[in-house]
Amino acid sequence: MESTKKTNNLDRILGAEEELAPSSGFLSAVMERVREEAVAPAPIPFPWRRVVPGAVVTFGGVAWIGVEVARQAVRSLPDLRVAGASTLHLHVQVTGTFEDAGWVAAALGLSLLSWLLARRMVGRGGLI
């Protein structure tokens, strides 16, 4: 009986067709905010052109550090002998290749940075 009474009251409240009107000043406050947003300047775009070179250099530095740590770890490993297996040994030629690759990567990175700096200094005039 109680739930039927609540349902009837709810139906009566929801069934009433009263006109909904905003409170005084609501419409003018909303329209004022819309006008403020319309005349506001556009947001500043994120400077991806400045972030990407730094991220590339950072990633390259971290990768280089990882290679150097791995090289030092391999160099400091004790002489491991497993039944019938030979010891883990990197030839001098392989470690020399790692060192050369690091210097080549550093030279390429420095070249890229100098090119980007020159391009920034000249501007977008079409010379570079």
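**Stop 1: a nonpolar patch**

Select F46, W48, V51, V52, V56, L112 and W115. Together they form a nonpolar patch on the surface, with about 690 Å² of accessible area. Keep in mind that you are looking at a predicted model.

Which helices each supply at least two residues of the patch? Colour helix 3 and helix 4, and you have both of them. Helix 3 gives the most, with four residues.

Now click on V56. This residue lies in helix 3.

**Stop 2: the whole chain**

Zoom out and switch to a cartoon view. How many helices and strands does the chain have? Count four helices and zero strands. Read along the sequence, the pattern is α-α-α-α.

The accessible surface of the chain comes to about 11700 Å². Carbon and sulfur atoms account for 67% of that area. Buried residues make up 2% of the 128 residues in the chain.

**Stop 3: salt bridges in helix 2**

The structure holds three salt bridges. Begin in helix 2, which covers residues 26-39. Select R33, E36 and E37, and show their side chains. These residues are linked in a network of salt bridges.

Take the pair E36 and R33. Their closest N and O atoms are 2.9 Å apart. How far apart are E36 and R33 along helix 2? They are three residues apart, so about one helical turn separates them.

Move to R33 and E37. This is a salt bridge too, with the closest N and O atoms 3.7 Å apart. R33 and E37 are four residues apart in helix 2, so they are also separated by about one helical turn.

Compare the cover on the two glutamates. E36 has a relative accessible area of 36%, so it is partly exposed. E37 has a value of 52%, and exposed means over 50%, so E37 is exposed.

**Stop 4**

Go to helix 3, which runs over residues 48-76. Select R71 and E68. They form a salt bridge, and the closest N and O atoms are 3.2 Å apart. Both residues lie in helix 3, three residues apart, about one turn of the helix.

Which side of the 20% cut-off does R71 fall on? Its relative accessibility is 11%, so R71 counts as buried. E68 has a relative accessible area of 24%, so E68 is partly exposed.

**Stop 4: the second largest pocket**

To find the pocket, select G60, G61, W64, A105 and A106. Among its 18 lining residues, these lie nearest its centre. About 350 Å³ of space lies in this pocket.

Which helix supplies the largest share of the lining? Helix 4 does, with ten residues.

The lining divides into 13 nonpolar residues, four polar and one charged.

**Stop 5: G102**

For the last stop, select G102, which is found in helix 4. Is G102 buried or exposed? Its relative accessible area is 8%, so G102 is buried.

G102 and V67 are 35 residues apart in sequence. In space, they are 8.8 Å apart, C-alpha to C-alpha.

Run through the selections once more. The nonpolar patch draws at least two residues from each of helix 3 and helix 4. R33, E36 and E37 make the salt-bridge network. R71 and E68 pair up in helix 3.

Key: Residues numbered from 1 in each chain as written. Predicted model: local features only at pLDDT ≥ 70, side-chain atom pairs only at ≥ 80, totals over all residues. Heavy atoms only, no water. 1 Å grid on protein atoms, 1.4 Å probe; cavity = no way out; pocket = protein on both sides within 12 Å on 5 of 7 lines; lining within 4 Å. Points joined across faces, edges and corners; volume = space filled by probe spheres on them. Nonpolar A, V, L, I, M, F, W, Y, C, P; charged D, E, K, R; others polar. Buried < 20%, exposed > 50% of the residue type's maximum accessible area, 1.4 Å probe, protein only. Areas by Shrake-Rupley, 256 points an atom, 1.4 Å probe, with all protein chains shown as cover. Patch = residues over 30% accessible without salt bridge, like charges linked within 9 Å, V, L, I, M, F, W, Y side chains within 5 Å. Salt bridge = Lys/Arg side-chain N within 4 Å of Asp/Glu carboxyl O.
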